[in-house]
Amino acid sequence: MGIGIKSTGVFFPPGIETAADLAVKTGIPEQVIIEKFGLVQKHVADDGLHASDLAIGAGREALKGIDPLSIDVVIYFGSPHKDYYVWSSAPKIQHELGAKNAYAFEIMNVSSCFPIALKVAKDMIASDQSIQNILLAGGCKESQIIDYANPRSRFMFNFADGGTAALVTRDSSQSEILGSAILTDGSFHDDVRTPAGGSKHFASRETVEKNLHYIDVKDPQSMKERLDPVSIANFDHVVREALHRSGYTPQDMKLLLPLHTKRSMFKELLQSLELPEEKAIYLNHHGHMSSLDPCIGLHFAQERGLLNPGDIAVAVSAGTGYTWAATVIKWKGSGKIHR
């Protein structure tokens with residue numbers, strides 16, 4: 001046995017927007033949204049559900065049959081667009097799940113965070129003998145920060161809502177977390193952001209009137225010209241490096257668990273890694289949920305019985321800023337989630 005993921009959970013709000021709904025909002029034809037954006041539908045939360053609630057719902061699923069008092073640490077790794085500004089959701093998650101013996105905190109690196117969170121949890125358990133169980137929980141309600149009338153944010157129209165969680169334990173019979181690789185190119189730090197609400201442009205009547213509280217791209221053409229030549233290469237690099245640090249090669253990979261991107265980028269990544277499409281999870285019925293995608297992909301892979309003992313999976317993601325991250329998971333248990 002080794003440090004690995006014992007169980008996972010997902011939670012999705014009941015509201016759904018289809019490609020047809022998005023076509024009305026965006027003026028982009030339905031078939032283009034399906035075929036190019038890779039989105040058939042996505043879940044959208046109403047006013048009664050927020051990032052913390054979605055994370056809690058997934059946490060409950062991950063902890064079914066497990067005593068919450070056995071959790072030593074709760075880490076929120078989800079979207080920075082949360083219930084409140086300058087507020088930690090981790091204590092709420094700890095409280096609502098009944099994990100009274102756990103301390104709680106957050107890590108945040110937008111969409112790249114799940115592979116990083118796996119590394120953090122593994123390293124914490126390895127370095128501290130008092131820690132047995134860490135619950136990673138994340139929520140996303142980023143559909144709310146999309147201005148569908150803004151063509152600069154067009155590539156983010158797949159932003160969706162949901163929650164996911166993974167229980168990382170010291171002696172997991174289900175899986176083992178192996179090596180990670182992380183790469184940051186900070187030259188992209190100024191490209192994508194929600195312009196208002198922070199200290200630079202504090203909320204005011206003017207910022208609201210100018211729609212500055214929605215996520216935006218400063219200069220899409222400039223970002224594209226700089227990002228396109230390096231993006232797939234950096235994805236490829238972190239996947240190969242994480243596998244190398246784990247003693248494997250891309251040929252050993254049974255399953256890729258990537259973030260949701262447009263279909264052309266997804267296919268380009270698979271081509272770069274020489275992987276057939278059936279060896280990857282593509283969330284075309286759920287969209288992109290900040291850092292949650294690879295964890296949700298792992299949960300679906302388990303549900304579908306796609307992982308067998310000895311199989312190698314790689315969680316890979318990237319977040320604006322820009323950071324690419326990958327972590328290798330060796331499956332040891334049955335294909336289905338062990339409860």
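Modeller: Helices (H or I, at least four residues) and strands (E, at least two) are DSSP runs, numbered from the N terminus. This is a predicted model, where local features need pLDDT of at least 70, side-chain atom pairs count only at pLDDT 80 or more, and totals for chains, interfaces and linings use all residues. Residues are numbered from 1 along each chain as its sequence is written, and side-chain values use heavy atoms, with hydrogens and water left out.

Biologist: OK, where is Ser79 found?

Modeller: Ser79 is in the loop between strand E4 (73-76) and helix H4 (90-97).

Biologist: And is Ser79 buried or exposed?

Modeller: Ser79 counts as buried, because its relative accessibility is 0%. Buried means under 20% relative accessible area, exposed over 50%, partly exposed in between (1.4 Å probe, protein chains only).

Biologist: Which residues does Ser79 touch?

Modeller: Leaving out residues up to four places away in sequence, Ser79 touches Gly139, Cys140, Glu142 and Ser290. Contact means heavy atoms within 4.5 Å.

Biologist: Switching topic: which strands form the open sheet?

Modeller: Four strands, in the order E8-E13-E12-E11, with mixed pairing. Strand E8 (175-184) and strand E11 (253-258) are the edges, each pairing on one side only. Two strands pair if DSSP finds at least two bridges between them.

Biologist: How many bridges join E8 and E13?

Modeller: Eight, and E8 and strand E13 (residues 323-331) run in the antiparallel sense. Take Ser180: its bridge partner in E13 is Thr327.
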